[in-house]
Structure formats: C-alpha cells, structure tokens
Amino acid sequence: MAGRARHRFVSDAPDAPADSVRGAGAERVSRSQRKRDSAALQARGEKLALLPPAQQALLPLPSDLAGALADFRAMSSREARRRQLQYIGRLMREADEAGTLQPVLDAWARLE
C-alpha cells in the first residue's frame, strides 16, 4: 500500500505571503464570536417579535422582516415559533450585513 501524499494548502505554500492567504488587512472573526453575534441578534429578534403590532408598525422594518414578524404572531405551535425566531434572526443578520438594521434599532431605542 502506497503512502498518502500530504495535502498542500495555500497557507503551506512557502512563497505565499501571509496577507495573500486571507486578503490584505482582513480581520478574521472566530467562529465562536460569529455564533455569539448571531445569538445576540436572534435574542433581539425575539424581543422585537414580542412587541405589540402597533409599536412594530412605527419601526422602519424591511418588508421581509415585517412579514416574518407577522407570521410569528399567527403561529401557535411552540416548535413553529422557535423555527420562525431562527428565521427572524437570519433576516436580522442579513439586514445587519446590508446596513438596513441600524435605522430599525435606532427607532426601537427611541420607542423604549
């Protein structure tokens, strides 16, 4: 049986500078930190989902997030609500990346 050849990754290349592997100046965020950030946004999404519809109407919510919040209110099954909260968290992460979440959070802070 022949021995296995060692896989050579980009970071193992002797002539590749360290900046070229991840991109110059790119800040690497750990997986644990991404999970903590995701959990925090999901928790905010849960608080947002529990706001009365009249207060939610005052917020500049993206249409897909507003629809997901309306669907959450209509659900009665615990498991369905749990999955919907995960979806709301995903929508909030996407809005955060797109830059459309900050106006919502600012308006929400003024309501409180």
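This is a predicted model: local features need pLDDT of at least 70, side-chain atom pairs count only at pLDDT 80 or more; totals for chains, interfaces and linings use all residues.
The residues of helix α2 that are buried are covered by a set of elements that includes α3 (53–57), α4 (63–74), α5 (78–98) and α6 (102–111). Buried residues make up 23% of the 112 residues in the chain. Of the contacts in the chain with a separation of 6 or more, 51% are accounted for by residues 24 or more positions apart.

Helix α2 itself spans residues 31–49, a stretch of 19 residues, and reaches 27 Å from its first C-alpha to its last, which is close to the 27 Å expected at 1.5 Å a residue. Its buried residues are Ser-38, Leu-41, Gly-45, Leu-48 and Ala-49. When α2 is seen down its axis, these buried residues fall within an arc of 90°, and they therefore line one face of the helix.

Leu-65, Ala-68, Leu-69 and Phe-72 are the residues of α4 that are buried, and because they fall within an arc of 100° when seen down the axis of α4, they line one face of the helix. The face turned away from this buried side carries Ser-63 and Ala-74, which are exposed. Among the elements that cover the buried residues of α4 are α2, α3 and α5.

The packing of pairs of helices is considered next. Two packed helices are described by the angle between their axes and the distance between the axes. For α2 and α4, the angle is about 65° and the axes are 10 Å apart; the two helices are therefore roughly perpendicular to each other, and their crossing is right-handed. In this pair, Gly-45, Leu-48 and Ala-49 of α2 meet Leu-65, Leu-69, Phe-72 and Arg-73 of α4.

Helices α2 and α5 pack at an angle of about 115°, with their axes 8 Å apart, which makes α2 roughly perpendicular to α5. The contact is made on the α2 side by Ser-38, Leu-41, Gln-42, Arg-44, Gly-45, Glu-46 and Ala-49, and on the α5 side by Leu-85, Gln-86, Ile-88, Gly-89, Met-92, Arg-93 and Asp-96. The crossing in which α2 passes α5 is right-handed.

For α4 and α5, the angle is about 165°, with the axes 10 Å apart, and these helices are therefore roughly antiparallel to each other. Their crossing is left-handed. The residues of α4 that make the contact are Asp-64, Leu-65, Ala-68, Leu-69, Asp-71, Phe-72 and Arg-73, and those of α5 are Arg-81, Gln-84, Leu-85, Tyr-87, Ile-88, Leu-91 and Met-92.

Two residues at these contacts may be examined individually. Leu-85 is found in helix α5 and is buried, with a relative accessible area of 12%. Apart from its neighbours within four places in sequence, Leu-85 is in contact with Gln-42, Gly-45, Glu-46, Ala-49 and Phe-72. Leu-85 and Phe-72 are 13 residues apart in sequence, while in space they are 7.5 Å apart, C-alpha to C-alpha. Asp-64 lies in helix α4 and, at 41% relative accessibility, counts as partly exposed. Between Asp-64 and Ile-88 there is a separation of 24 residues in sequence and of 9.2 Å in space, C-alpha to C-alpha.

Helix α6 also has a buried side. In α6, Val-104, Leu-105, Ala-107 and Trp-108 are buried, and, seen down the axis of α6, these residues fall within an arc of 165°, so they line one face of the helix.

How values were computed
Residues are numbered from 1 along each chain as its sequence is written. Side-chain values use heavy atoms; hydrogens and water are left out. Helices (H or I, at least four residues) and strands (E, at least two) are DSSP runs, numbered from the N terminus. The expected span of a helix is 1.5 Å times one less than its number of residues. Buried means under 20% relative accessible area, exposed over 50%, partly exposed in between (1.4 Å probe, protein chains only). The arc is that of the directions from the helix axis to the C-beta atoms. Contact means heavy atoms within 4.5 Å. Axes are lines fitted to C-alpha atoms, for helices over the stretch in contact, and angles run from 0 to 180 degrees between N-to-C directions. Angles under 35 degrees count as roughly parallel, over 145 as roughly antiparallel, 65 to 115 as roughly perpendicular and the rest as oblique. A crossing is left-handed if the near helix is turned anticlockwise from the far one by less than a right angle, and right-handed if clockwise.
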